[in-house]
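The entries follow the order in which I looked things up.

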Amino acid sequence: MDNKYKDKRRPENAELRRKIDRLLDEGESFIKENLQHLEISDYRYEVAEAIEELSLDEEIIRQLIEDYVIQILKSKIAFYKYIHELKKDELEGKSLDYTNVRNLAHKNLGVVRNLRIKDAQKLLEVIMHEDDLDYLRLCIKALEMSAVKLNPLCAYETLKLIEVKKSL
């Protein structure tokens, strides 16, 4: 067994591993229960489609997917922050400005269109136009699940880094 694998199996990482496993296990049922109308619960990404349409080799596409997973897991923090601010404004009776949410969705939408990630594309299109804050949260959670499903190891490592940064 190599050392890289052993490092990931350290006891302090167990909770994070369980979180990833839970996301993967509960993802499809969560999407079926909350977002069935989007018809994305059974979606499986096909890297071959991106390879063929973009004329890039598989290794480059896989690296771009890893970059996307990292970007989405970082973006979800910003999405939730913006939604929290909007919820606060709503409670205070202020007018709601969805610009930050829509801009972040638009930024990520270009990436998913390029990589041909169809479930994330549908979710980001909804996020760009939706005004229901609770529904936006559901879509962002589904977007996170979609990213984790693309590359669980990359998601695990990214979430671990995010946890470390929070603790500093």
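**Entry 1. Basis.** I worked from a predicted model, in which local features need pLDDT of at least 70, side-chain atom pairs count only at pLDDT 80 or more, and totals for chains, interfaces and linings use all residues. Residues are numbered from 1 along each chain as its sequence is written, and side-chain values use heavy atoms, with hydrogens and water left out.

**Entry 2. α4 and α5.** I took helices as DSSP runs (H or I, at least four residues), numbered from the N terminus. Two packed helices are described by the angle between their axes and the distance between the axes. I looked up helix α4 (residues 58–91) and helix α5 (residues 99–115): their axes come within 10 Å and cross at roughly 160°. Axes here are lines fitted to C-alpha atoms over the stretch in contact, and angles run from 0 to 180 degrees between N-to-C directions. The angle therefore makes α4 roughly antiparallel to α5, a term used for angles over 145 degrees. The crossing of α4 past α5 is left-handed, that is, the near helix is turned anticlockwise from the far one by less than a right angle.

I then listed the contacts, meaning heavy atoms within 4.5 Å. The α4 side includes Leu64, Tyr68, Ile72, Phe79 and Leu86, and the α5 side includes Val101, Leu104, Lys107, Val111 and Leu115. By class, this contact holds 15 nonpolar residues, four polar and one charged. Nonpolar covers Ala, Val, Leu, Ile, Met, Phe, Trp, Tyr, Cys and Pro; charged covers Asp, Glu, Lys and Arg; the others, Gly among them, are polar.

**Entry 3. α3 and α4.** I found the axes of α3 and α4 10 Å apart, at an angle of about 115°. Their crossing is right-handed, the near helix being turned clockwise. Val47, Ala50, Ile51 and Leu54 of α3 meet Glu58, Ile61, Arg62 and Ile65 of α4. I noted six nonpolar, no polar and two charged residues in this contact.

**Entry 4. Salt bridges.** Side chains of opposite charge can pair when their charged atoms come close. I counted a salt bridge where a side-chain nitrogen of Lys or Arg lies within 4 Å of a carboxyl oxygen of Asp or Glu; the count comes to 14.

Lys118 pairs with Glu49, with the closest N and O atoms 2.4 Å apart. This pair links distant parts of the chain, as Lys118 is in helix α6 (residues 118–129) and Glu49 in helix α3 (residues 47–54), 69 residues apart.

Arg116 and Glu53 also form a salt bridge, at 2.5 Å from N to O. Arg116 sits in the loop between α5 and α6, 63 residues from Glu53 in helix α3.

Glu163 and Lys166 form a salt bridge at 3.7 Å. They are three residues apart in helix α8 (residues 152–167), so about one helical turn separates them.

I also noted a network of salt bridges linking Lys87, Glu90, Asp134 and Arg137.

**Entry 5. Thr158.** Is Thr158 buried or exposed? Thr158, in helix α8, is buried at 6% relative accessibility, where buried means under 20%, exposed over 50% and partly exposed in between (1.4 Å probe, protein chains only). Leaving out residues up to four places away in sequence, Thr158 touches Ile70 and Leu73. By contrast, Lys166 is exposed, at 59%.

Note on methods:
Helix = DSSP H or I, 4+ residues; strand = E, 2+ residues; numbered from the N terminus. Parallel < 35°, antiparallel > 145°, perpendicular 65-115°, else oblique.
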